[in-house]
Amino acid sequence: MSATQVLPLPAAKGPWKGLINRYREYLPVTDKTPVITLNEGNTPLVHCCHLSHICGPNTDVFIKYEGLNPTGSFKDRGMTMAVTKAVEEGSKAIMCASTGNTSASAAAYAARAGITCAVLIPSGKNVALGKLAQASIAGAKVIRIEGNFDQALEMVRVLCETNPITLVNSVNPYRIEGQKTGSFEIVEQLGGVAPDLHCLPVGNAGNITAFWKGYTELHQRNHIAALPTMWGFQAAGAAPIVLGHPVPNPDTIATAIRIGNPASWKQAVAARDESKGKIDMVTDEEITAAYKHLASKEGIFCEPSSAASVAGLLKMVNAGQLDALRKERGLKHMNIVCVLTGHGLKDPDYATKSAEPPVVVPATMEAVLGALGMG
Ligand code: AN7
């Protein structure tokens, strides 16, 4: 009995110049493609002691810290591909609907390419401050509709069909191509294996589609011997896939995933079923607890939506589901990767609300020592 020899991915040639350059033989580009890049990708895979301990013996939990991409979210992986192909095809304008991060990324890559970017965002306080600031300062035409993300996406789809504008939401297949490289990096960072379990938040469901595509391609090309189990987590107030029907008025503090009718619904269900995984939901309280744990115990600051991945993992640990998976797959040791999709600084309001405000004292040593309990 001999397992087929697994081949490593081809080694990097030279310094990091963005993910298209690194993984070009796995992406739909040629030598003539005008690559639009901000050197995205190559984000760290950080081991987390506390989470590993919580998950039990012989278990290592890693965070794929996608908040460290150039515009602060995983969207840059898809956007370098989508904007590169738009430019290659001669497009002069791109457009997206967005809960914030897609617009921030689209605006930056459009600025870099010297093309126009228009974004439709949902009403009210549904887009975190940092994301709106990013799109605006990059010069995007930002339009806020009196409606939610799902309505914005419907409008953008029609606008892009009837006008010479390229749609850069994740229904654009190049977005998925770029985002699948997250799996490639994780496999390289784990030394040539996929994680046993991959946890991530699910909103419009492009990312779970992309990560699964990445892993299956590596498996087909014999770069990994086994595939991961995929666990996706929606916010309880915006959990259409879990409930099995669209949610007309999605509501959660995790504004990035406040999505009631995901565009890649079918692909998300396929990723779940093919990997024998799960798509479950987590409450705002569970998301906030994970968000605080990550910042205060592991030193990793992410936006609330990202913390849904860790909140979901912890929910499953408590429900005995992690041990059930360990048994089912017969694993003596387990590597778990949770993707943190966006940086904490995207949403400074939620951080400020979730933490103790600074103590105010007179400008004297005595008062400072007193406040520190050292007086
Ligand atoms: C931080 O920016 O949909 O399931 O318009 O910003 O691939 O949609 C953002 C989604 C998770 C969900 N975490 O990913 C948008 C948008 C963060 C996000 C998701 C988003 P998908």
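# Helix packing and selected residues in a predicted model

R77 touches L19, G41, N42, T43, K64, E66, N69, G178, Q179, T181, G182 and E185, when residues up to four places away in sequence are not counted. Two packed helices are described by the angle between their axes and the distance between the axes.

**R77 and its surroundings**

- R77 lies in helix α3, which covers residues 75-88, and because its relative accessibility is 1%, under the 20% cut-off, R77 counts as buried.
- The side chain of R77 makes a polar contact of 3.3 Å with the side chain of T43, and it makes another polar contact, of 3.2 Å, with the side chain of T181.

**Helices α3 and α4**

- The helix that holds R77, α3, also packs with helix α4 (residues 101-113), and the axes of α3 and α4 come within 9 Å and cross at roughly 40°.
- The crossing of α3 and α4 is right-handed.
- On the α3 side the contact involves K75, D76, M79, T80, V83 and V87, and these meet N101, T102, S105, A106, Y109 and A113 in α4.
- Sorted by class, the residues in this contact of α3 with α4 are 6 nonpolar, 4 polar and 2 charged.

**Helices α8 and α9**

- Helix α8 (residues 181-189) packs with helix α9 (residues 206-220) at an angle of about 55°, and their axes are 7 Å apart.
- With that angle, α8 and α9 are therefore oblique to each other, and their crossing is right-handed.
- The residues G182, S183, F184, I186 and V187 of α8 meet A210, F211, G214, Y215, E217 and L218 of α9.
- By class, the contact of α8 with α9 is made up of 7 nonpolar, 3 polar and 1 charged residues.

**Helices α12 and α13**

- Helix α12 (residues 284-298) and helix α13 (residues 308-318) pack at an angle of about 105°, with 8 Å between their axes.
- Because angles of 65 to 115 degrees count as roughly perpendicular, α12 is roughly perpendicular to α13.
- The residues that make the contact are E286, I287, A290 and L294 from α12, together with A308, V310, A311 and K315 from α13.
- By class, this contact of α12 with α13 has 6 nonpolar residues, no polar residues and 2 charged residues.
- A290, which lies in α12, counts as buried because its relative accessibility is 1%.
- Leaving aside residues up to four places away in sequence, A290 touches A307, V310 and A311.
- The C-alpha atoms of A290 and A256 are separated by 16 Å, and the two residues are 34 residues apart along the chain.

- The buried residues of α13 are A308, S309, V310, A311, G312, L313, L314 and M316.
- Just after α13, G320 takes a positive phi of about 80°.

**Residues in loops**

- A205 sits in the loop between β7 (197-201) and α9, and although it is not a glycine, A205 has a positive phi of about 75°.
- With a relative accessible area of 4%, A205 is buried.
- N222 is found in the loop between α9 and β8 (229-235), and N222 too is not a glycine but has a positive phi, of about 65°.
- Because its relative accessibility is 23%, N222 counts as partly exposed.
- H343 is placed in the loop between β10 (334-340) and α15 (348-354), and at 16% relative accessibility H343 counts as buried.
- A polar atom of the H343 side chain lies 3.0 Å from the backbone nitrogen of L345.
- Not counting residues up to four places away in sequence, H343 touches Y65, G67, L68, G72, F301, C302 and E303.

How values were computed:
Residues are numbered from 1 along each chain as its sequence is written. This is a predicted model: local features need pLDDT of at least 70, side-chain atom pairs count only at pLDDT 80 or more; totals for chains, interfaces and linings use all residues. Side-chain values use heavy atoms; hydrogens and water are left out. Axes are lines fitted to C-alpha atoms, for helices over the stretch in contact, and angles run from 0 to 180 degrees between N-to-C directions. Helices (H or I, at least four residues) and strands (E, at least two) are DSSP runs, numbered from the N terminus. Angles under 35 degrees count as roughly parallel, over 145 as roughly antiparallel, 65 to 115 as roughly perpendicular and the rest as oblique. A crossing is left-handed if the near helix is turned anticlockwise from the far one by less than a right angle, and right-handed if clockwise. Contact means heavy atoms within 4.5 Å. Ala, Val, Leu, Ile, Met, Phe, Trp, Tyr, Cys and Pro count as nonpolar, Asp, Glu, Lys and Arg as charged, and the others, Gly among them, as polar. Buried means under 20% relative accessible area, exposed over 50%, partly exposed in between (1.4 Å probe, protein chains only). A polar contact is a pair of N or O atoms within 3.5 Å; within protein, one must be able to donate a hydrogen and the other to accept it, and residues adjacent in sequence count only if both atoms are side-chain atoms.
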